[in-house]
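Here's a quick tour of a protein chain and its ligand. Have a look at the model first, then read on.

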Amino acid sequence: MYPPIWSLARKAEAGDVIGGHDIEAGDTIVLGTYVVHHNPRYWDHPDRFDPDRFASDRAKGRAPYSYLPFGGGKRACIGSAMSQIEAALALSVFLRDFEFEYAREEPPRISLTVTLSPKQGLPLRVRRRAQAVASYAPIAWAPAARRSARAADPEPVQRAVGAGR
Ligand code: HEM
């Protein structure tokens, strides 16, 4: 709902009418992605943390191009799939072992510079979860040599992640 790239720009090749506005060839058209993501015509409570809004039953029938964090059409982001897999992986590793809690009283505000970001940062309290350690030993993507060393002697791994807390 908070697209890092919060607007997209296009130059019109030919005249047109969009939403009742005359467009001439050469005009620059700016599409406010953030605004689209917060348009109540397409989204209920866009500021609410509600990941289930993307569940297939709720996404069914939603207007095409109402969600554009990676742009759309011919010039859509080529890194979209990779970024989403990477983000899910990184989050799952963090959330497996740590809890995050927003550390200010007042809600975060947004800052629109080149990208959309939280104004004055997003301070968080981070706590290690109680049973965090066990899941570390052999990490699937660690090089084979390191994996077998860990299997033979798991202690260095446990030391590295702070066992014995
Ligand atoms: C969270 C991460 C990312 C976001 C939010 C993002 C967002 C976007 C957006 C909105 C566009 C469309 C720009 C427009 O229509 O004017 C775009 C285009 C593009 N992105 Fe990404 N991007 C991300 C990651 C990546 C990654 C990881 C790569 C490369 C591996 C990448 C490569 C590109 C390229 C090459 C284009 C231009 C495509 C074209 O014009 O044909 N992006 N990106």
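Ala, Val, Leu, Ile, Met, Phe, Trp, Tyr, Cys and Pro count here as nonpolar, Asp, Glu, Lys and Arg as charged, and the others, Gly among them, as polar. By that scheme, the shell around the ligand holds 8 nonpolar residues, 3 polar and 1 charged. Among its members are Pro4, Phe70, Arg75 and Met82, where near means a C-beta atom, placed from the backbone, within 6 Å of the molecule. Domain 1 and domain 2 both supply shell residues, so the ligand sits between them; the bounds come from an automatic or database domain assignment.

| Domain | Residues |
|---|---|
| Domain 1 | 1-77 |
| Domain 2 | 78-130 |

A word on the model: it's predicted, so local features need pLDDT of at least 70 and side-chain atom pairs count only at pLDDT 80 or more, while totals for chains, interfaces and linings use all residues. Numbering starts from 1 along each chain as its sequence is written. The protein chain averages a pLDDT (the predictor's confidence in each residue, from 0 to 100) of 85, and 79% of the residues score at least 70.

As for the fold, there are 5 helices and 8 strands, taken as DSSP runs (H or I, at least four residues; E, at least two) numbered from the N terminus. Strand S5 (residues 98-102) pairs antiparallel with S8 over 5 bridges; pairing takes at least two DSSP bridges. Within that pair, Glu99 has Arg127 of S8 as its bridge partner.
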